[in-house]
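Visitor: I would like to learn how to read the features of a structure like this one, step by step. Could we begin with charged pairs and then move on to the rest?

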Amino acid sequence: KVPALAIFGAERDYLEWVIFFTGLLCFAAAALLGLFLAWRLGAAGSSGEGGWGLLALGAVGLAGGYFYTGEPFNYKRRGLGVPFVFVLMGPMMIAGSYLALAGVLRPAVFWIGIPLSALIAHILLCNEIRDYEYDREHGLRTLSSRIGMPRAKFLSFLLLAVGYLGPVILHLARLFPHLWFVFLALPFAVRPMRTMRSPPAERAVIIPAIMLHHLV
């Protein structure tokens, strides 16, 4: 069964309603905290530009989070989930945190967010690869179902490479104090990447395995 994604879809079951309203409560709490931080930042600065900048970042983040599967955009269904998550949950989150603390933005902050973006987008892409056959059968046009399994696997390896090589490049550019223990997580990436070559029934372990990798 493919769940109805309309805001007040009559086909939602009880659990879907609980998840939906819990998500809305999280959005509301984030919006209130964001408004408070923007007000404090604006009050602390002479021009208030930092407050307005944080407000703009927060508005884009809220819209991007809701319309991931929310109608009428539902950009995951349009194959835009991975690229949007790459932007929203890496450079934008780190830029927002930096702006809230420092009151200004610097270009280096966006570069620093790219390795994290790659690893978070990698989780989403692994989820699409796990559900590849199901999504194609039910007409769910995710990025993986649009570009095909071979390209999706190649993109997965590319994102993982960016996640590990990115800190090295940033360190050489004097933008990042290299943390060598990041590479301690690399062995935990072996199992999910090998599982991608398994039959559909054996791919269920990809998500817990890749989440363990991300946690480490």
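Guide: A salt bridge is taken here as a side-chain nitrogen of Lys or Arg within 4 Å of a carboxyl oxygen of Asp or Glu. Please keep in mind throughout that the model is predicted.

Visitor: Which residue forms a salt bridge with Arg-203?

Guide: The partner is Glu-133, and the closest N and O atoms of this pair are 2.8 Å apart. The pair links distant parts of the chain, since Arg-203 sits in the loop between H10 and helix H11 (206–215) while Glu-133 belongs to helix H7, 70 residues apart. Arg-203 is buried, with a relative accessible area of 4%, whereas Glu-133 counts as partly exposed at 30% relative accessibility.

Visitor: Where do positive charges gather on the surface?

Guide: A patch of positive charge on the surface is formed by Arg-78, Arg-136, Arg-141 and Arg-146. Of this group, Arg-136 lies in helix H7, which spans residues 132–137, and Arg-136 has a relative accessible area of 47%, so this residue counts as partly exposed.

Visitor: Which residues make the nonpolar surface patch of about 460 Å²?

Guide: That patch is made by Tyr-14, Leu-15, Val-18 and Ile-19. Ile-19 is found in helix H1, which covers residues 14–44, and Ile-19 counts as exposed because its relative accessibility is 55%, where exposed means over 50%.

Visitor: How many aromatic pairs does the structure hold?

Guide: The structure holds eleven aromatic pairs. One of them brings together Trp-17 and Phe-20, whose ring centres are 6.0 Å apart and whose planes meet at 80°, so the pair is edge-to-face. Trp-17 and Phe-20 are three residues apart in helix H1, which means that about one helical turn separates them; Trp-17 is partly exposed, with a relative accessible area of 24%, while Phe-20 counts as buried at 12% relative accessibility.

A further pair, between Phe-36 and Trp-39, is tilted, with 6.1 Å centre to centre and 40° between the planes. Phe-36 and Trp-39 also both lie in helix H1, three residues apart, about one turn of the helix. Here Phe-36 counts as partly exposed at 44% relative accessibility, and Trp-39 counts as exposed at 54%. Ring pairs also link Phe-27, Tyr-66, Phe-67 and Phe-73 into a cluster.

Visitor: What should I make of backbone angles, and what is phi of Asn-74 near?

Guide: As background, most residues other than glycine have a negative phi. Phi of Asn-74 is near 45°, a positive value in a residue other than glycine. Asn-74 lies in the loop between helix H2 (49–66) and helix H3 (81–88), and Asn-74 counts as buried at 2% relative accessibility.

Arg-174 likewise has a positive phi, near 60°, and is found in the loop between helix H9 (149–172) and helix H10 (190–195). With 77% relative accessibility, Arg-174 counts as exposed.

Visitor: Is Leu-160 buried or exposed?

Guide: Leu-160, which lies in helix H9, counts as buried because its relative accessibility is 9%, and buried means under 20%. The C-alpha atoms of Leu-160 and Pro-115 are separated by 8.7 Å, although these two residues are 45 residues apart along the chain.

Technical notes: Residues numbered from 1 in each chain as written. Heavy atoms only, no water. Patch = residues over 30% accessible without salt bridge, like charges linked within 9 Å, V, L, I, M, F, W, Y side chains within 5 Å. Areas by Shrake-Rupley, 256 points an atom, 1.4 Å probe, with all protein chains shown as cover. Lys, Arg positive; Asp, Glu negative; His and termini not counted. Charge placed at Lys NZ, Arg CZ, Asp CG, Glu CD. Helix = DSSP H or I, 4+ residues; strand = E, 2+ residues; numbered from the N terminus. Buried < 20%, exposed > 50% of the residue type's maximum accessible area, 1.4 Å probe, protein only. Phe/Tyr/Trp six-rings, centres within 6.5 Å; stacked < 30°, edge-to-face > 60°.
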